[in-house]
Amino acid sequence: MPEEVTMQSALIVVDVQNDFCPGGSLAVAGGDAVATRISRWIESGNDYHLVVATMDSHPRPDPTQPFPHFSDHPDYMRTWPPHCIEGTCGARLHRNLRLPPSAVVVRKGQEAAAYSGFAGHDDHGVSLAENLQRERIGAVDIVGLATDYCVKATAMDARAHGLAVRVFADMVAGVSLGSSGRALDELRNAGIVVETSIDGSRSRPE
Ligand code: VGL
């Protein structure tokens, strides 16, 4: 058998959920516009072999079972207002986000905080890494919310898994401008390409 030479690519859409968009409990400015831009990007004929949407999915606050990710006095760095509680409207994907029917949804955060999509599993219990391996994905484009937390953690893990990684700066939004800028610098230092989708479509190999 000849060796497979083509590198399949995937799009990972991180946590584009109502609670991270304007009106949500942990709203990121411009999250809804990011959702629209991602939908247009998907629909503009980018032939990803696989599209994955990650979702934060946390348990309902329970006084008998502390969940240290949540706080009534959050510092917005380590502790957060309750968000993306499974079964609530806030946990749903934002309506501006249109995914192909074949998209794989990966949920994370049921037991503890999980910023990286690589902590997540699909509805069959298959991890994100395994989904990518099964489809022989060698390169991923990462977009979504929030730049400084879940996008950053997912991109760093993708790199650690040996993937070629791009983050599209025009399809992410962060909790704060300062930490988002620092996050993008860290990603670049880790060998991740940070560019706009316009540059990305120019540099995409045929
Ligand atoms: C996120 C803060 C807390 C994210 C999740 O999706 O980036 N940020 N939980």
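Select Asp15, Asp56 and Lys108 to begin: salt bridges link these residues in a network. Keep in mind that this is a predicted model.

**Whole chain.** Zoom out and color by secondary structure. Follow them from the N terminus in the order β-α-β-β-α-β-α-β-α-β-α. Along the principal axes, the C-alpha atoms fill a box of roughly 60 × 35 × 30 Å.

**Surface.** The chain exposes about 10500 Å², with 52% supplied by carbon and sulfur atoms. Of the 206 residues, 50% count as buried.

**Salt bridges.** The whole structure holds 9 of them.

Select Glu43 and Arg98. Their side chains form a salt bridge at 2.8 Å, N to O. Glu43 sits in helix 1 and Arg98 in the loop between strand 2 and strand 3, so the pair ties together parts 55 residues apart in sequence. Glu43 is partly exposed at 49% relative accessible area, and Arg98 is partly exposed at 40%.

Next, select Arg166 and Asp141. Here the salt bridge spans 2.7 Å, N to O. Arg166 belongs to strand 5 and Asp141 to strand 4, so parts 25 residues apart in sequence are tied together. Are these two residues buried or exposed? Arg166 counts as buried at 14% relative accessibility, and Asp141 counts as buried at 4%.

Finish at Glu186 and Lys152, joined by a salt bridge of 3.2 Å, N to O. Glu186 lies in helix 4 and Lys152 in helix 3. Glu186 is partly exposed at 36%; Lys152 is partly exposed at 22%.

Definitions and conventions. Residues numbered from 1 in each chain as written. Predicted model: local features only at pLDDT ≥ 70, side-chain atom pairs only at ≥ 80, totals over all residues. Heavy atoms only, no water. Helix = DSSP H or I, 4+ residues; strand = E, 2+ residues; numbered from the N terminus. Buried < 20%, exposed > 50% of the residue type's maximum accessible area, 1.4 Å probe, protein only. Areas by Shrake-Rupley, 256 points an atom, 1.4 Å probe, with all protein chains shown as cover. Salt bridge = Lys/Arg side-chain N within 4 Å of Asp/Glu carboxyl O.
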